[in-house]
Structure formats: C-alpha cells, structure tokens
Amino acid sequence: MKAAIFDMDGTLINSLIFWDHLWKTMGQKYLADPSFRPDDTTDRERRTLTIDKAMELVYERFGIGSSGKELADLAIELIIIFYREVVEAKPGALEFLQYLKGKGVKMAVATASNGDLVQLAMERCGLKPY
C-alpha cells in the first residue's frame, strides 16, 4: 500500500455524537424540550446536506427559531466548541495511523466538513502528524 485516504467524521474521529448534542440544545432553546429529535426521514435527509441546507430543512419542517440561518449559526457555534474541546479519535485510529506512517504510507483526509473545523478536530485528536 502506497497511500490511504480517510473519511474524517465517524471514521477517524467520533464526531457523530455531535448531532445528539445539537438536537438537545435546539430542543432546550426553542421548545423547552431537551428530548427533541427530528423524525427519521428528516434526519436521513440532513445527512447529505451542508449545515446551512440541513438547518433550513429543520426550520422548514419544525418551525424552530426564526430562520434556517439562525439554526445554522447555532450549529456552527456548537460544532466549533465540540471539535475544539470534546471530540475524540475513534478507538484504534491513532494506532493505525502510526502503523501506516511507520510503513511509509502517505495519508490524506477527504471530508465534506469545513477546512477550519477539520484542523480543529485533527489538532484536538492528535491526527495532524499523519
């Protein structure tokens, strides 16, 4: 193997728990209900969208907040904190990257996430050297 390309969210870092935190925060802030979760159809649809479009979808379906932009701004604020202070590498990810580096394998991350957020997460999880 000469090179490897990794997805970041859910593969190298345990970031998928962020969505539970976001829904809880939105529920508390806008509905006084921390158990808020979008229905399965909406949740599946948002997974293929940018944050802006996903939050527009949530706004349109549930009428939370004053606009999709307001929800997107909240989501971005929370994800910055999450990537900077909370997210952890997936179990075994660092060891595997160390192994590949030791074998001289070139590595890259391919992700739909914002580049600045990627840098925060990589720094937090110790992934930058790889």
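Two residues are in contact when they have heavy atoms within 4.5 Å of each other. With that in mind, here is a first look at how this chain is put together: of its contacts with a separation of 6 or more, 70% are between residues 24 or more positions apart. Please keep in mind as you read that this is a predicted model.

How confident is the prediction? The mean pLDDT of the chain is 94, and 100% of the residues reach 70 or more. Confidence is highest in helix 5, residues 93-102, with a mean of 97. The lowest mean belongs to helix 6, residues 115-125, and is 92.

Now let your eye follow the chain. You will find 6 helices and 2 strands. Starting at the N terminus, the order of the elements is β-α-α-α-α-α-β-α. The C-alpha atoms fill a box of roughly 50 × 25 × 25 Å along the principal axes. Of the 130 residues in the chain, 35% are buried.

Let us go inside next. In soluble globular proteins, nonpolar side chains tend to be buried together. Here, the largest nonpolar core has 35 residues, and Ile13, Leu22, Trp23, Met26, Met55 and Tyr83 are those with the most contacts inside it. Several elements supply at least two residues each to this core: strand 1 (3-7), helix 1 (18-31), helix 3 (51-62), helix 4 (68-85), helix 5 and helix 6. Helix 4 gives the most, with 8 residues.

Leaving aside residues up to four places away in sequence, Ile13 touches Met8, Tyr83, Val87, Glu88, Ala89, Lys90, Ala121, Cys125 and Leu127. One of these partners, Tyr83, is also among the core residues with the most contacts, while another, Glu88, leads us on to the charged pairs.

The structure holds 8 salt bridges. In one of them, the side chains of Glu88 and Arg124 meet at 2.8 Å, N to O. This pair links distant parts of the chain, 36 residues apart: Glu88 sits in the loop between helix 4 and helix 5, and Arg124 in helix 6. Glu88 has a relative accessibility of 46%, so this residue counts as partly exposed. Arg124 is partly exposed too, with a relative accessible area of 33%.

Another salt bridge joins Glu85 and Arg84, with 3.5 Å from N to O. Glu85 is partly exposed at a relative accessible area of 47%, and Arg84 counts as partly exposed at 43%. Glu123 pairs with Lys128, where the closest N and O atoms are 3.6 Å apart. Is Glu123 buried or exposed? With 56% relative accessibility, Glu123 counts as exposed, because the cut-off for that word is over 50%. Lys128, at 42%, is partly exposed. Elsewhere, Asp43, Arg46 and Arg47 are linked in a network of salt bridges.

Finally, turn to the largest pocket, which has a volume of about 740 Å³. The pocket is lined by 27 residues, and the closest to its centre are Asp9, Trp19, Leu49, Ile51 and Ser113. Helix 1, helix 2 (40-46), helix 3 and helix 4 are the elements that give two or more residues to the lining.

Key. Residues numbered from 1 in each chain as written. Predicted model: local features only at pLDDT ≥ 70, side-chain atom pairs only at ≥ 80, totals over all residues. Heavy atoms only, no water. pLDDT = per-residue confidence, 0-100. Helix = DSSP H or I, 4+ residues; strand = E, 2+ residues; numbered from the N terminus. Core = buried A, V, L, I, M, F, W, Y, C linked by side-chain atoms within 4.5 Å. Buried < 20%, exposed > 50% of the residue type's maximum accessible area, 1.4 Å probe, protein only. Salt bridge = Lys/Arg side-chain N within 4 Å of Asp/Glu carboxyl O. 1 Å grid on protein atoms, 1.4 Å probe; cavity = no way out; pocket = protein on both sides within 12 Å on 5 of 7 lines; lining within 4 Å. Points joined across faces, edges and corners; volume = space filled by probe spheres on them.
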